[in-house]
Amino acid sequence: MRNLSVGIIGAGPAGIAAAVECKANGISNVVIFEKASKYCSTIRRLYPAGKRVDKNYKGEIFQTEGICTFETEAKEDFLLRMKKYINEYNISIEYNIEINGLEKREDYYILKAGTYLVAQTQAVIIATGVFDKPKKPTYPIPEAIKGRVFFELPKEIPEGEKILIVGGGNTAAELACLLSGKCDVYLSYRRPQFFRINEENLRELEKRKDMIKFFLGTEIKSLEPSENAVKVLFQDGHIEIFSKIFYCLGGSTPKVFLEKMGIEFNNSTPKLDEFGESNLKKVFLVGDIAVKRGSIMFAFNSAHKAVKRLIEKYPEILNS
Ligand SMILES: Cc1cc2nc3c(=O)[nH]c(=O)nc-3n(C[C@H](O)[C@H](O)[C@H](O)COP(=O)(O)OP(=O)(O)OC[C@H]3O[C@@H](n4cnc5c(N)ncnc54)[C@H](O)[C@@H]3O)c2cc1C
């Protein structure tokens, strides 16, 4: 079992930034445990090739607070940037390890993967994101159509199909733009207008307004199997058949996972102080898991704040 100063869970933007901040500030005995086989697995899995990665996201304008930062660029350039951080700061990442247990012992913690004790660590930074748990609709999805209903991008982008995208955020907008021209695209959003979409995505939607059919102010009541397709029944009585449905409703905090670790909640949000420290001493949450609406710059800045606080509040961490 490893003996660490800081054990970080998750090698996304938040986990990598936390490791960079630790290394740059004198904590060298740090390891990230990542359940996938590559860093930034959410971004690799859910962003389409060539996707524009926006610095200012969901209407928020960010100032850089720590070491990690970026300017709006393509997915591939962003991944290279993260690779540079990993190399430059000599970040140690152990892949294919899914941490699902945290145990407090006297003045340190044990990180566990199943029954396997992975590491003994003075402090823990949880940076697991929310996208392993996509938000799903409240109505049931019949078994017969499960192969036609998606919560993330499929490996093969559909062509020549009639597709319904459900959601009103940037992800829904970007997917609608990506598929327009290739498929017959419908976009259903429960509000009468978009309100959280980037200006640039709004412009892209506007450019394609003849290629995308907007169902604004619509709510789906239920889904039913239809011959090689999905029958969608809307609340207003309208019925339409689609070959596939993509839900882009965002992710949700993995409450059970955190509660099992001993993290307390206020309703659906973890109880954290302004630096991301939880009710467990020296256990910080950073990135998407620490906030209602996350973004990459929030992940970078929250990692900076958490590590700075860790060192100020517990200076002994530098000699551990
Ligand atoms: C389609 C889409 C488009 C987006 N576009 C933008 C954009 O343009 N600009 C922007 O700022 N934001 C965007 N976002 C949001 C952005 O991707 C997230 O805010 C950001 O990835 C959060 O970083 P994170 O490190 O907190 O979490 P993640 O990026 O989700 O990383 C979490 C990591 O933890 C790992 N992990 C999870 N559980 C465990 C475990 N138990 N043990 C070990 N490892 C684990 C995961 O495999 C993953 O590698 C977008 C999101 C989506 C889905």
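These notebook entries record what I looked up in a predicted model of one structure.

**Entry 1: aromatic pairs**

I began with the aromatic rings. A search of the whole structure gave me 11 aromatic pairs. Tyr139 belongs to the loop between β8 (116–126) and β9 (149–150), while Tyr247 belongs to strand β16 (residues 244–247), so the pair ties together parts that are 108 residues apart in sequence. I found Tyr139 buried, and Tyr247 buried as well.

Next I turned to Phe215 and Phe234. Their aromatic pair is edge-to-face, with 5.5 Å from centre to centre and 85° between the planes. The angle is over 60°, the cut-off for edge-to-face. Phe215 is part of strand β12 (residues 212–216) and Phe234 is part of strand β14 (residues 229–234), so this pair ties together parts that are 19 residues apart in sequence. I noted that Phe215 and Phe234 are both buried. Phe215 and Phe234 also belong to a cluster, linked by ring pairs, that contains Tyr186 and Phe242.

**Entry 2: charges over rings**

Which lysine lies over the face of Phe242? I found that it is Lys162, at 5.1 Å from the ring centre. I also recorded that the charged end of Lys136 sits over the ring of Phe151, at 4.7 Å from the centre of that ring.

**Entry 3: the nonpolar cores**

I looked up the largest nonpolar core and found that it has 45 residues. The residues with the most contacts inside this core are Val6, Ile16, Tyr39 and Phe300. I listed the elements that each supply at least two of its residues: β1 (2–9), α1 (13–24), β2 (30–33), α3 (75–88), β8 and α7 (296–313). Helix α7 gives the most to this core, namely 9 residues.

I then took Phe300 by itself. Leaving aside neighbours within four places in sequence, Phe300 is in contact with Pro13, Ala17, Cys68, Thr69, Phe70, Phe78 and Met82. A second, separate core has 23 residues, and I noted Ile97, Leu102, Val118 and Val124 among them.

**Entry 4: Asn301 in helix α7**

I found Asn301 in helix α7. Is Asn301 buried or exposed? Its relative accessibility is 6%, so I counted Asn301 as buried, the cut-off for buried being under 20%. Not counting residues up to four places away in sequence, Asn301 touches Phe62, Gln63, Thr64, Glu65 and Gly66.

**Entry 5: helix α3**

I checked the length of α3 against expectation. At 1.5 Å a residue, its 14 residues should span 20 Å, and the C-alpha atoms at its ends are 20 Å apart, which agrees.

Which residues of α3 are buried? I listed Lys75, Phe78, Leu79, Met82, Tyr85 and Ile86. These residues cover an arc of only 110° around the axis, which places them on the same side of α3. They pack against α1, α2 (41–46), β3 (52–53), β4 (73–74), β5 (92–94) and α7. On the face turned away from the buried side, I found the exposed residues Lys84, Asn87 and Glu88.

**Entry 6: positive phi values**

I read first that most residues other than glycine have a negative phi. Asn90 is not a glycine, yet its phi is positive, at about 50°.

I located Lys282 in the loop between β18 (269–270) and β19 (283–285). At 9% relative accessibility, Lys282 counts as buried.

**Entry 7: Ile239**

My last entry concerns Ile239, which lies in strand β15 (residues 239–242). With a relative accessible area of 45%, Ile239 is partly exposed, since this class runs between the 20% limit for buried and the 50% limit for exposed. Leaving aside neighbours within four places in sequence, Ile239 is in contact with Lys231, Val232 and Leu233. I also noted that Ile239 and Asn228 are 11 residues apart along the chain, and that their C-alpha atoms are separated by 16 Å.

How values were computed
Residues are numbered from 1 along each chain as its sequence is written. This is a predicted model: local features need pLDDT of at least 70, side-chain atom pairs count only at pLDDT 80 or more; totals for chains, interfaces and linings use all residues. Side-chain values use heavy atoms; hydrogens and water are left out. Rings of Phe, Tyr and Trp (its six-membered ring) pair if their centres lie within 6.5 Å; planes under 30 degrees apart count as stacked, over 60 as edge-to-face and the rest as tilted. Helices (H or I, at least four residues) and strands (E, at least two) are DSSP runs, numbered from the N terminus. Buried means under 20% relative accessible area, exposed over 50%, partly exposed in between (1.4 Å probe, protein chains only). A charge sits over a ring if NZ of Lys or CZ of Arg is within 6 Å of the ring centre and within 35 degrees of the ring normal. A nonpolar core is a set of buried Ala, Val, Leu, Ile, Met, Phe, Trp, Tyr and Cys residues joined through side-chain atoms within 4.5 Å. Contact means heavy atoms within 4.5 Å. The expected span of a helix is 1.5 Å times one less than its number of residues. The arc is that of the directions from the helix axis to the C-beta atoms.
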